[in-house]
Amino acid sequence: MTTLKAGDKAPNFEAFDEQGNSIKLSDYKGKKLVLFFYPKASTPGCTMEACNLRDNYQTFLAKGYEVLGVSADSAKRQQNFIAKNKLPYHLLVDEDKKVIHAFGVWGPKKFMGREYDGIHRTTFIIDENGVIEDVISKVKTKEHANQILM
């Protein structure tokens with residue numbers, strides 16, 4: 001789906017998190033970033049993925065990674081998702097899909113024979129200088145941390 005690949009400069013972005021704080025890619029300069037895009041907060045697959053990253057969050061921090069999720073959900077829905085699942089990282093509220101489009105993860109999908117446009121579950125590993133190290137497009141929701149940390 002996305003045309004971005006390892007070695008590309010990550011698109012600059014600025015969006016608000018679930019608390020209304022402005023978050024930019026440049027905020028992560030000098031740190032590695034796991035930027036994961038997910039279709040919809042509180043759905044089964046997205047919950048499994050978010051909780052798998054939560055359960056491995058201390059390992060990410062120990063290895064120098066920050067974690068940041070992105071979906072087109074409202075701030076209220078993101079806040080509820082965080083509270084219900086005790087997520088220790090921030091979620092971007094991208095209702096206008098600027099970040100989603102910048103990373104090329106919006107497009108046609110199929111579910112139960114129905115076609116529609118939506119977010120393709122994709123994770124970008126971004127290095128300390130804003131360069132994409134890896135793009136994971138075949139996300140295994142129950143073991144996503146292993147895919148990233150391998």
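Reader: Which residues does Gln 78 touch, not counting residues up to four places away in sequence?

Author: Contact means heavy atoms within 4.5 Å. By that rule, Gln 78 touches Glu 18, Tyr 38, Ala 41, Ser 71, Asp 73, Leu 91, Leu 92 and Val 93. This is a predicted model: local features need pLDDT of at least 70, side-chain atom pairs count only at pLDDT 80 or more, and totals for chains, interfaces and linings use all residues. Residues are numbered from 1 along each chain as its sequence is written, and side-chain values use heavy atoms, with hydrogens and water left out.

Reader: Is Gln 78 buried or exposed?

Author: Buried means under 20% relative accessible area, exposed over 50%, and partly exposed in between (1.4 Å probe, protein chains only). Gln 78 has a relative accessible area of 0%, so it counts as buried. Gln 78 is found in helix 3. Helices (H or I, at least four residues) and strands (E, at least two) are DSSP runs, numbered from the N terminus.

Reader: Which residues of helix 3 are buried?

Author: Helix 3 spans residues 75-85, and its buried residues are Gln 78, Phe 81, Ile 82 and Asn 85. They lie on the same side of helix 3 because they cover an arc of only 95° around the axis. That arc is taken from the directions from the helix axis to the C-beta atoms. Turned away from the buried side is a face with the exposed residues Lys 76, Ala 83 and Lys 84.

Reader: What covers the buried residues of helix 3?

Author: The cover includes helix 1 (44-55), strand 4 (65-71) and strand 5 (90-93). Take Val 70, which sits in strand 4. Val 70 is buried too, at a relative accessible area of 0%. Leaving out residues up to four places away in sequence, Val 70 touches Leu 35, Phe 36, Phe 37, Tyr 38, Leu 92, Asp 94, Val 99 and Ile 100.

Reader: How many residues apart in sequence are Val 70 and Leu 92?

Author: They are 22 residues apart. In space, C-alpha to C-alpha, Val 70 and Leu 92 are 4.8 Å apart.

Reader: What follows helix 3?

Author: Lys 86 does, with a positive phi. Most residues other than glycine have a negative phi. Lys 86 is not a glycine, yet its phi is about 50°. Lys 86 lies in the loop between helix 3 and strand 5. Its relative accessibility is 67%, so Lys 86 counts as exposed. Lys 97 also has a positive phi, near 65°. Lys 97 is in the loop between strand 5 and helix 4 (98-102).

Reader: Now the pockets. Which residues line the largest pocket?

Author: On a 1 Å grid over the protein atoms alone, a pocket is an open set of points where a 1.4 Å probe fits, with protein on both sides within 12 Å along at least five of seven lines; lining residues have an atom within 4 Å of a point. Here the lining is Pro 39, Lys 40, Ala 72, Asp 73, Trp 106, Lys 109, Phe 111, Tyr 116, Gly 118 and Ile 119. Strand 6 (106-111) and strand 7 (114-119) are the elements that give two or more residues to this lining. The volume of the largest pocket is about 270 Å³, counted as the space filled by probe spheres set on the points.

Reader: What about the second largest pocket?

Author: The second largest pocket holds about 160 Å³ of space. It has 14 lining residues, with Lys 9, Leu 25, Ser 26, Asn 129 and Gly 130 nearest its centre.
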